[in-house]
Amino acid sequence: MAKLDLAKIKLRRKEKNITLSYMSEQLGFKTASNYQKYESGVYSFDANMLPVLARELDCDIEYFFTQEVAKIKI
């Protein structure tokens, strides 16, 4: 199952030297703290936000996801 990797989103934003304020503006939020709540997991990103994130962070949407593999005891 694919899961959104918030740490990768935050890391990519920092690598690109993009501020919380800038990302907030791009997503139509009123304040940087609103965006920060999404990035930290307080709120969940909506599917329609992912193309904006991908464009601003210059990566594919798939970059944001990690595969979780079930551990099987043998």
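**Figure 1. Glu-15 in helix α1 of the predicted model.** Glu-15 is part of helix α1, and the structure shown here is a predicted model. Its relative accessible area is 47%, so Glu-15 is partly exposed; the partly exposed class runs between the buried limit of 20% and the exposed limit of 50%. How far apart are Glu-15 and Ala-2 in sequence and in space? The two residues are separated by 13 positions in sequence, and their C-alpha atoms are 23 Å apart.

**Figure 2. The protein as a whole, for orientation.** The protein contains 4 helices and 2 strands. Along the sequence these elements come in the order β-α-α-α-α-β. The C-alpha trace spans about 50 × 25 × 20 Å along its principal axes. The protein has 74 residues, and 28% of them count as buried. Among contacts with a separation of 6 or more, 57% are between residues 24 or more positions apart.

Figure 3. Is Arg-12 buried or exposed? Arg-12 has a relative accessibility of 18% and therefore counts as buried, because buried means under 20%. Apart from neighbours within four places in sequence, Arg-12 is in contact with Leu-57, Asp-58, Cys-59 and Tyr-63. With Asp-58, the side chain of Arg-12 reaches the backbone oxygen at a distance of 2.7 Å. With Tyr-63, the charged end of Arg-12 sits over the ring, 6.0 Å from the ring centre. Tyr-63 also has the charged end of Lys-8 over its ring, 4.7 Å from the centre.

**Figure 4. Helices α1 and α3 where they meet.** Two packed helices are described by the angle between their axes and the distance between the axes. For α1 and α3, the axes come within 9 Å and cross at roughly 135°. The two helices are therefore oblique to each other. Which residues of α1 meet α3? Leu-6, Ile-9, Lys-10 and Arg-13 do, and on the α3 side they meet Tyr-35, Tyr-38 and Glu-39. An α-helix has 3.6 residues a turn, so residues three or four places apart point the same way.

Figure 5. The structure has 5 aromatic pairs. One of them joins Phe-29 and Tyr-38, which are stacked, with 4.9 Å from centre to centre and 10° between the planes. Tyr-38 also pairs with Phe-45: their ring centres are 5.5 Å apart and their planes stand at 40°, so this pair is tilted. The reasoning rests on the angle of the planes, because under 30 degrees counts as stacked, over 60 as edge-to-face and the rest as tilted. Phe-29 is buried, at a relative accessible area of 17%. Tyr-38 is buried at 14%, and Phe-45 is buried at 11%. Which residues form the cluster? Phe-29, Tyr-35, Tyr-38, Tyr-43 and Phe-45 form one aromatic cluster.

**Figure 6. Helix α4 and what it packs against.** Helix α4 runs over residues 50-57 and is mostly covered, with 6 of its 8 residues buried. The buried residues are Leu-50, Val-52, Leu-53, Ala-54, Glu-56 and Leu-57. Against which elements do the buried residues of α4 pack? They pack against strands β1 (2-4) and β2 (65-67), and against helices α1, α2 (20-26) and α3 (32-39). Leu-57, one of the buried residues of α4, is also among the contacts of Arg-12.

**Figure 7. Two loop residues with a positive phi.** Asn-17 is in the loop between α1 and α2. This residue is not a glycine, yet its phi is positive, at about 55°. Asn-17 is exposed, with a relative accessible area of 68%. Where does Asp-58 lie? Asp-58 is in the loop between α4 and β2, just after α4. Asp-58 also has a positive phi of about 55° although it is not a glycine. The backbone oxygen of Asp-58 is the atom reached by the side chain of Arg-12.

How values were computed. Residues are numbered from 1 along each chain as its sequence is written. This is a predicted model: local features need pLDDT of at least 70, side-chain atom pairs count only at pLDDT 80 or more; totals for chains, interfaces and linings use all residues. Side-chain values use heavy atoms; hydrogens and water are left out. Buried means under 20% relative accessible area, exposed over 50%, partly exposed in between (1.4 Å probe, protein chains only). A polar contact is a pair of N or O atoms within 3.5 Å; within protein, one must be able to donate a hydrogen and the other to accept it, and residues adjacent in sequence count only if both atoms are side-chain atoms. Contact means heavy atoms within 4.5 Å. Rings of Phe, Tyr and Trp (its six-membered ring) pair if their centres lie within 6.5 Å; planes under 30 degrees apart count as stacked, over 60 as edge-to-face and the rest as tilted. A charge sits over a ring if NZ of Lys or CZ of Arg is within 6 Å of the ring centre and within 35 degrees of the ring normal. Axes are lines fitted to C-alpha atoms, for helices over the stretch in contact, and angles run from 0 to 180 degrees between N-to-C directions. Angles under 35 degrees count as roughly parallel, over 145 as roughly antiparallel, 65 to 115 as roughly perpendicular and the rest as oblique.
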